[in-house]
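Here are some notes to read alongside the model.

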Amino acid sequence: EHGLAFPVGHCPCVPLSGFVLSGGLGWNAGEWGISCFSLLSVDVVTTEGNLVTASETENTELLWAARGAGPRFFGVATKYRVRLYPLPKAITTSTLTYPLEKLPEVVEWATRMVNTLPKNVEFTLYLASAPPSVADRYEKVCILSATAFADSDEEAAEALSALATCPLGDCVMKELDASTPFDALFDNANRFWPEGKRYAVDTMWYSSPPSAVLAIIQDYFATVPSAHSMILCPRLHSPTDVPPLPDAAFSMVAPGYVACYSIWEEAGQDEANVR
């Protein structure tokens, strides 16, 4: 209501508290940064039972740890003060969907294209089950999604122009320059991370070429036992596209990032889906 925003997590059911303590790869990270670096101070109950405030001028070692230590943080965080940012007035998303077998050339094009995008565009490659409108023709798809955190429709269209002119054929679904204010972004996220399911998740940073990593993942993903399972690769960075991090417990990034989500329904399906 005040026209301000914070790089909260992509999934609406993730609490801000543990998200920030764990580092926080949130919305618009290219422009707003890793979320924990927008943590200005935190009130902490120490292991001695004292309530203290940690900031960049007092109890600095506690703030260092609060920026990324996650479940190993040595205290109980009771209050956060965070830096806010102007809420972009024209958040806009373009999405292209291709059959899974097109993944190698999709990745090749996306790896070249992503470094032409401005910092306020969040780009993600998804591997997922086909949406209902094309499920009669395809079982699995790869989805290119780019969200521009822009202040005007014109700025957003310019920022997303690379997707509008994508030369790849066999696009099975295309939605360009769709208005996606913050609440709409979370509604879309529920499609990929439905509540009430069972989850096994593993993530990694990598420095290999994205094509090499995703070629391996593609083969495994084609045979996952659950239609809910999905994989995401946010912004396929070039090795020169990763800025240095401030000094904090969150201390490691790499040119690429991949998150593999096994998502299923029943406890009896645990072993197959975890494997």
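Predicted model: local features only at pLDDT ≥ 70, side-chain atom pairs only at ≥ 80, totals over all residues.

1. The volume of the largest pocket is about 1400 Å³. Its lining consists of 50 residues, and G24, L25, G26, A29 and I34 are the closest to the centre. Sorted by class, the lining has 30 nonpolar, 14 polar and six charged residues.

2. Which elements give two or more residues to this lining? They are the helices α1 (16-21) and α2 (29-32), together with the strands β7 (121-129), β10 (198-206), β11 (230-234) and β12 (256-264). The most comes from β7, which gives five residues.

3. Helix α4 (residues 103-113) packs with helix α8 (residues 210-221) at an angle of about 155°, and their axes are 10 Å apart. Angles over 145 degrees count as roughly antiparallel, and α4 and α8 are therefore roughly antiparallel to each other. Their crossing is right-handed.

4. On the α4 side, the contact is made by L103, P104, V107 and T111, and on the α8 side by P210, S211, L214 and Q218. By class, the residues of this contact are five nonpolar, three polar and no charged.

Definitions and conventions:
Residues numbered from 1 in each chain as written. Heavy atoms only, no water. 1 Å grid on protein atoms, 1.4 Å probe; cavity = no way out; pocket = protein on both sides within 12 Å on 5 of 7 lines; lining within 4 Å. Points joined across faces, edges and corners; volume = space filled by probe spheres on them. Helix = DSSP H or I, 4+ residues; strand = E, 2+ residues; numbered from the N terminus. Nonpolar A, V, L, I, M, F, W, Y, C, P; charged D, E, K, R; others polar. Axes fitted to C-alpha atoms, helices over the stretch in contact; angles between N-to-C directions. Parallel < 35°, antiparallel > 145°, perpendicular 65-115°, else oblique. Left-handed = near helix turned anticlockwise from the far one by under 90°. Contact = heavy atoms within 4.5 Å.
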